[in-house]
Amino acid sequence: MTIPLLTPSKCLLILVLLTCLSCQAPLPPGSPPVSEATVLTIEATASGQGIFDLAGTTNLPDNTQLTAIALRYLDPETALVSDASGGAIAPLKAPFYSVLDYQPVTVTKGQWSSQLTLWQVADDGRYQEPWQNQTKALNLTAQPRDTVQFAITLAPHRLGAAMSDILAQEGRRRIAGVLRVTATGEPFLWADQSLPVSLPQGQTAPPTDLVARTNGGWGQRYLLVPEPPLPYTLTPEDERQTTAPFNPAELLH
């Protein structure tokens, strides 16, 4: 289970993570081999205030579209989520994590880099991770783990085109160490690094642009905006203002 942000920009991320995290396992026996020379590395460095610089090397073709992800696992033994009636259900057994941030990445000359921001600013100015901002709305209680997992991934639908050049040059060998397979049998690339990261502390000035933080930047679109009053008064006339006969076009046929 994930704790996604309630914004359209995170919808794509949830789809990517459900594909990539549901079954991180090596390819089963009998699967088409991929060159063991496939390279995909990641190194995360803290820059302060919840910002992390990510970088790595790869032998994937230039312009290959990767995704850099940061997520924190929550302890499923102590995580409870309310059901439809508002009551607590049993502790979760499935993988349980919160997406902290993600960014699309493009390979350039065998390298990639990105910057992820793990913190958000709550309405009262406190620094919080995304899942902390939603604990009240989701009626969620959870014990976060001490580490954050940073990952770089190549989605299944992009893998075929990216690997075709490498396989043509180096031939089919053993399975690459960064290759994984989804629950439906689709291969993808995944490399990760876990670092101890403390929860946010302190606060700053509260955000002023609340519209940008509501409904993915759309604000409360369901509310009707009152129309401004007319600058003049319309007075209906009680009597016909002419004694001329009716024009044929004014008559019903």
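This is a predicted model: local features need pLDDT of at least 70, side-chain atom pairs count only at pLDDT 80 or more; totals for chains, interfaces and linings use all residues.
# Notebook: strands, rings and a few single residues

**Entry 1, the whole chain.** I began with the contacts in the protein that have a separation of 6 or more, and I noted that residues 24 or more positions apart account for 78% of them. When I went through the secondary structure, I found four helices and eleven strands in the protein. I then looked up burial and found that buried residues make up 36% of the 253 residues. For the surface, I wrote down that the protein exposes about 15,400 Å², and that carbon and sulfur atoms supply 56% of this area.

Which residue of S2 stands opposite Gly48? I found that Ile51 takes that place. Two residues lie between the strands of this hairpin, and I noted that Gln49 takes a positive phi near 55 degrees there. As background, I wrote that strands of a sheet pair through backbone hydrogen bonds, in either a parallel or an antiparallel way.

I next asked in what order the three strands of the open sheet come. The order is S1-S2-S5, with antiparallel pairing. S1 and strand S5 (111–117) are the edge strands, since each of them pairs on one side only. I also recorded that the twist averages 20 degrees from one strand to the next.

Is Ser113 buried or exposed? Its relative accessibility is 55%, and because the cut-off for exposed is over 50%, Ser113 counts as exposed. Leaving aside neighbours within four places in sequence, I found Ser113 in contact with Leu54, Ala55 and Val105. I also looked up Gln103, which is ten residues from Ser113 along the chain, and the C-alpha atoms of the two are separated by 10.0 Å.

I then moved to Asp101, which I located in strand S4 (residues 97–106). With a relative accessible area of 10%, Asp101 is buried. What does the side chain of Asp101 reach? I found that it reaches the backbone nitrogen of Thr117, at 2.8 Å.

I looked for aromatic pairs, and the count came to three. The one I followed joins Phe52 and Phe150, whose ring centres are 4.8 Å apart and whose planes stand at 40 degrees, so the pair is tilted. Phe52 lies in strand S2 and Phe150 in strand S9 (residues 147–154), so this pair ties together parts that are 98 residues apart in sequence.

Asp192 is partly exposed, with a relative accessible area of 35%. Its side chain makes a polar contact with the side chain of Trp190, at 2.7 Å. I noted as well that Asp192 and Val178 are 14 residues apart in sequence, while in space they are 9.2 Å apart from C-alpha to C-alpha.

My last entry is about Gln128, which lies in strand S7 (residues 127–128). Gln128 has a relative accessible area of 10% and is therefore buried. Which residues is Gln128 in contact with, leaving aside its neighbours within four places in sequence? I listed Leu118, Trp119, Gln120, Ala122, Asn133 and Pro200.

Definitions and conventions: Residues are numbered from 1 along each chain as its sequence is written. Side-chain values use heavy atoms; hydrogens and water are left out. Two strands pair if DSSP finds at least two bridges between them. Axes are lines fitted to C-alpha atoms, for helices over the stretch in contact, and angles run from 0 to 180 degrees between N-to-C directions. Buried means under 20% relative accessible area, exposed over 50%, partly exposed in between (1.4 Å probe, protein chains only). A polar contact is a pair of N or O atoms within 3.5 Å; within protein, one must be able to donate a hydrogen and the other to accept it, and residues adjacent in sequence count only if both atoms are side-chain atoms. Contact means heavy atoms within 4.5 Å. Accessible areas come from the Shrake-Rupley method with a 1.4 Å probe; for residues, only the protein chains shown count as cover. Rings of Phe, Tyr and Trp (its six-membered ring) pair if their centres lie within 6.5 Å; planes under 30 degrees apart count as stacked, over 60 as edge-to-face and the rest as tilted.
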